[in-house]
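Here is a short report on one protein model.

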Amino acid sequence: MTDKISERIPSAERREQILEAASRVFGERGYFGATTDQIAKAAGISQPYVVRMFGGKENLFVGVLTRSLDRLLVAFTDTIAQWKAEGSPAATDPGYPVGKNPEHGEIGRRLGLAYVNLIEDRGLLLSLMQAFSMGQDPSIGAKARGGFLTIYRLLREEAGFDPEEARGFLAEGMLLNTLLGLRLTDDYGKDDAATELIECTFRTKLQLVLEVQGDEGERA
């Protein structure tokens with residue numbers, strides 16, 4: 001797409017187009033392996049146009065991180081609101097224990113499913129994981145820390161988790177990210193340990209995870 005054509009697209013739409021492409025490229029190649037030129041090609045926009053809008057790779061990654069955190073918080077907030085609207089029902093599946101409170105087991109299950117659903121936005125969860133490993137970067141690290149604590153506060157204040165429940169939920173989310181980052185799904189059905197771990201982690205969303213990771217593997 002040329003700059004002349006892209007100028008006809010509303011600025012907000014162009015920005016989202018670039019961030020979506022950047023999320024995929026950062027997710028596939030990592031922060032240090034990705035370039036603004038690769039991102040521009042993925043977005044169908046010239047590289048100078050991307051730089052003009054974001055000012056460089058670090059600002060672009062911060063934009064991707066902000067987009068990812070916003071989507072995650074919206075998904076969690078909507079899930080909690082729906083749970084409360086239903087009267088905060090208790091857990092019915094003992095396979096999703098969160099602390100000793102059965103109500104928190106149910107909202108933990110729902111939040112977990114909402115989190116897994118986000119992998120359909122390719123690169124989103126992997127970009128978060130990359131950001132969480134870049135705490136030394138003044139801009140990226142500060143944004144990642146702030147986002148992580150915002151999620152923690154949401155679990156404590158809106159979902160009603162106690163500190164141990166919130167810790168357990170966040171730990172399971174990091175495990176999910178680790179399995180995706182390792183592409184451990186490539187060994188699903190081939191290695192007994194990998195298969196067992198994948199099944200008990202992704203549960204009812206296993207097929208979705210296998211399909212999304214399979215599509216990514218075909219494009220690699």
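Axes are lines fitted to C-alpha atoms, for helices over the stretch in contact, and angles between N-to-C directions run from 0 to 180 degrees. The model is predicted.

**Helix pair**

The axes of H9 (residues 163-182) and H10 (residues 192-202) come within 11 Å. They cross at roughly 135°. H9 is therefore oblique to H10. The crossing of H9 and H10 is left-handed.

Both helices supply residues to the contact:

| Helix | Residue range | Contact residues |
|---|---|---|
| H9 | residues 163-182 | Glu172, Leu175, Leu176, Leu179, Leu180 |
| H10 | residues 192-202 | Leu197, Thr201, Phe202 |

By class, the contact of H9 with H10 has 6 nonpolar, 1 polar and 1 charged residues. An α-helix has 3.6 residues a turn, so residues three or four places apart point the same way.

**Covered helix**

How many of the 9 residues of H7 are buried? The count is 7, so H7 (residues 124-132) is mostly covered, where buried means under 20% relative accessible area. The buried residues are Leu124, Leu125, Leu126, Ser127, Leu128, Gln130 and Ala131.

**Whole chain**

The protein chain has 11 helices and 0 strands. From the N terminus on, its elements run α-α-α-α-α-α-α-α-α-α-α. Of its 220 residues, 43% count as buried. The chain exposes about 11,100 Å². Carbon and sulfur atoms supply 53% of that area. Take the contacts between residues at least 6 apart in sequence: 66% of them join residues at least 24 apart.

Technical notes
Residues are numbered from 1 along each chain as its sequence is written. This is a predicted model: local features need pLDDT of at least 70, side-chain atom pairs count only at pLDDT 80 or more; totals for chains, interfaces and linings use all residues. Side-chain values use heavy atoms; hydrogens and water are left out. Helices (H or I, at least four residues) and strands (E, at least two) are DSSP runs, numbered from the N terminus. Angles under 35 degrees count as roughly parallel, over 145 as roughly antiparallel, 65 to 115 as roughly perpendicular and the rest as oblique. A crossing is left-handed if the near helix is turned anticlockwise from the far one by less than a right angle, and right-handed if clockwise. Contact means heavy atoms within 4.5 Å. Ala, Val, Leu, Ile, Met, Phe, Trp, Tyr, Cys and Pro count as nonpolar, Asp, Glu, Lys and Arg as charged, and the others, Gly among them, as polar. Buried means under 20% relative accessible area, exposed over 50%, partly exposed in between (1.4 Å probe, protein chains only). Accessible areas come from the Shrake-Rupley method with a 1.4 Å probe; for residues, only the protein chains shown count as cover.
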